[in-house]
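This report describes selected parts of one protein model. Please look at the sequence and the structure before reading on.

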Amino acid sequence: MTPDTIDFDMALVQKYDAAGPRYTSYPTAAEFSADFTGKEFEHYVEQARRTDPGRPLSLYTHLPFCNTICYYCACNKVVTKNRRRAADYLERLYREIEMMGKLVGSGRRIVQLHWGGGTPTYLDDDQLRGLMAHTRKHFHFVDDAKGEYGIEIDPRSLDEDTLSVLRNIGFNRLSMGIQDLNLAVQEAVNRIQPAELTFSVLHEARELGFRSISVDLMYGLPLQTTTSFAETVDAVIDAGPDRLSVFNYAHLPQRFKTQRQIQEEDLPTAAQKLAILQNTIKQLQAAGYVYIGMDHFARADDEMALALQNGTLHRNFQGYSTHGESELIAVGNSAISQIGGCYAQNAHDLEEYYRLIEAGSPATVRGIVLTPDDYVRRDVISSLMCRFRVSFAEIEAGYGLDFMDKFQYELTALEPMRRDGLVDIAPRQITVTPRGRLLIRNIAMVFDAYRRGASTTTRFSKVI
Ligand code: SF4
């Protein structure tokens, strides 16, 4: 078995199937406090500018609008046909970009850009061009060949020229949601997206020279069966995307109102869901896709698979990343920045976001400043999530501590997982076994000081 495969053990997956964070940050957003203000955020960005002036940056732009609602959706989005709302939003977003560009300073280069949503391609071609031009005016980008410039597209919302517009303004990566190609499933979730449309977009993107194309699938949706989903996976494998995410649909109708449109009796059972997942993993591994971690797979020659192999993979709010050295500035409603030892989140609510931007301040409404303990644990969790191992010596060298001493409680808490074969604990290293990889969130949770004794069921989705 190669180091990047998964050994799917149904009994263990069922035993450990609990709710837990996705660890796109540590501490997680659940720990952010409303006491953290925009003034504090400004202070930390300015401090980072002085102490780390050459450090590269990632820039995330949140574009929340969608044309129609997908019933399974748990994203922060605004569903509207009123195009004026996007224009109003862009007006404030432009101001925020200018403000953040000044605050960050001219020395720092953008190595990674991501536009997410919602549906970024809800914007028309002129708006897309205008937003990129404005962003480039206020931030400094490395050139196209070195940077990773990605956008989430919706094949259903593209005009004839949109893909070439995106390529021309500098995007070199695309990601798109597919979820399931089966028409009955698509109808049940209100997302009709014909396979011909999806694959013709994928094909055109390749012709236009997009370097990496990533697609999202979702298991656990209504009316899915192992056979029907296997057909979707086969068709997607044939189209050959570079990266693939296979997300678990978490049915939480009490929390997400639109999910109430989904008929509970149409949902696959927990056992059926696991069978679908098991089968999907088998198909992807047989087709040569490498398991990256969590819900992500990549072709063996993809940068992400190579980063996993070289131990240079990192994790941030967009998931796995090959640009771990960079800090993150995020603009738009609900967006989360990570810079200068703090995390800062913008207002979710559009009116509040507009009000804060118009007052000339960052739109921050919550955040957290990392403590020395947070830094150590963040490194341990990141090492588990991105390398499937933690070297005691590396952590000790980085923080001047004794690993066994500091993590005595955690090493004891890992014992049942070691007995179940999820981890090996060699004298000076924890290694996640192929059996434990799918349960990496459970293993990471052991090192999360904020989860100790805390319930995870209300805030977080199930790990599988
Ligand atoms: S899944 Fe995507 S396109 Fe559908 S409603 Fe959610 S954000 Fe919009």
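Helix H12, residues 372-387, lies across strands S18 and S20 and runs at about 135° to S18. Helix H13, made of residues 392-399, also lies across S18 and S20, but its direction is about 55° to S18. The model in which these elements are seen is a predicted one.

The strands belong to an open sheet of three, in the order S18-S20-S19, with antiparallel pairing. Strand S18 (389-391) and strand S19 (423-426) stand at the edges with a single partner strand each, so one side of each has no neighbour in the sheet. From one strand to the next, the twist averages 15°. Between S19 and S20 (residues 429-432) there are four bridges in the antiparallel sense. Val-423 has Val-432, in S20, as its bridge partner.

## Helices H8 and H9

Two packed helices are described by the angle between their axes and the distance between the axes. For helix H8 (residues 226-239) and helix H9 (residues 270-286), the angle is about 25° and the axes are 10 Å apart. Angles under 35 degrees count as roughly parallel, so H8 is roughly parallel to H9. Their crossing is right-handed.

Which residues make this contact? On the H8 side they are Thr-226, Phe-229, Ala-230, Val-233, Asp-234 and Ile-237. On the H9 side they are Ala-275, Ile-276, Asn-279, Thr-280 and Gln-283. By class, the contact of H8 with H9 contains six nonpolar, four polar and one charged residues.

## Helices H3 and H11

The axes of helix H3 (residues 84-104) and helix H11 (residues 350-358) come within 10 Å and cross at roughly 45°. This angle makes H3 oblique to H11. The crossing of H3 and H11 is left-handed.

H3 contributes Tyr-89, Arg-92, Arg-95 and Glu-96 to the contact, and H11 contributes Leu-350, Tyr-353, Tyr-354 and Ile-357.

## The surroundings of the ligand

The residues that surround the ligand include four cysteines, Cys-66, Cys-70, Cys-73 and Cys-75. Ile-69, Lys-77, Thr-119 and Asp-154 also belong to this shell, as do the glycines Gly-117, Gly-118 and Gly-177. By class, the shell has five nonpolar, four polar and two charged residues.

Two of the glycines in the shell, Gly-117 and Gly-118, are joined by a cis peptide bond with omega near 20°. Gly-118 is in the loop between strand S4 (109-117) and helix H4 (125-138).

## Other backbone details

Where else is a cis peptide bond described, and with what omega? The bond from Tyr-26 to Pro-27 is cis, with omega near -5°. Pro-27 lies in the loop between helix H1 (10-16) and helix H2 (38-51).

Ser-334 is a residue other than glycine with a positive phi, near 70°. Its place is the loop that runs between strand S14 (327-331) and strand S15 (336-339).

Methods. Residues are numbered from 1 along each chain as its sequence is written. This is a predicted model: local features need pLDDT of at least 70, side-chain atom pairs count only at pLDDT 80 or more; totals for chains, interfaces and linings use all residues. Axes are lines fitted to C-alpha atoms, for helices over the stretch in contact, and angles run from 0 to 180 degrees between N-to-C directions. Helices (H or I, at least four residues) and strands (E, at least two) are DSSP runs, numbered from the N terminus. Angles under 35 degrees count as roughly parallel, over 145 as roughly antiparallel, 65 to 115 as roughly perpendicular and the rest as oblique. A crossing is left-handed if the near helix is turned anticlockwise from the far one by less than a right angle, and right-handed if clockwise. Two residues are in contact if their C-beta atoms, placed from the backbone, lie within 7 Å. A residue is near a molecule or strand if its C-beta atom, placed from the backbone, lies within 6 Å of it. Ala, Val, Leu, Ile, Met, Phe, Trp, Tyr, Cys and Pro count as nonpolar, Asp, Glu, Lys and Arg as charged, and the others, Gly among them, as polar. Two strands pair if DSSP finds at least two bridges between them.
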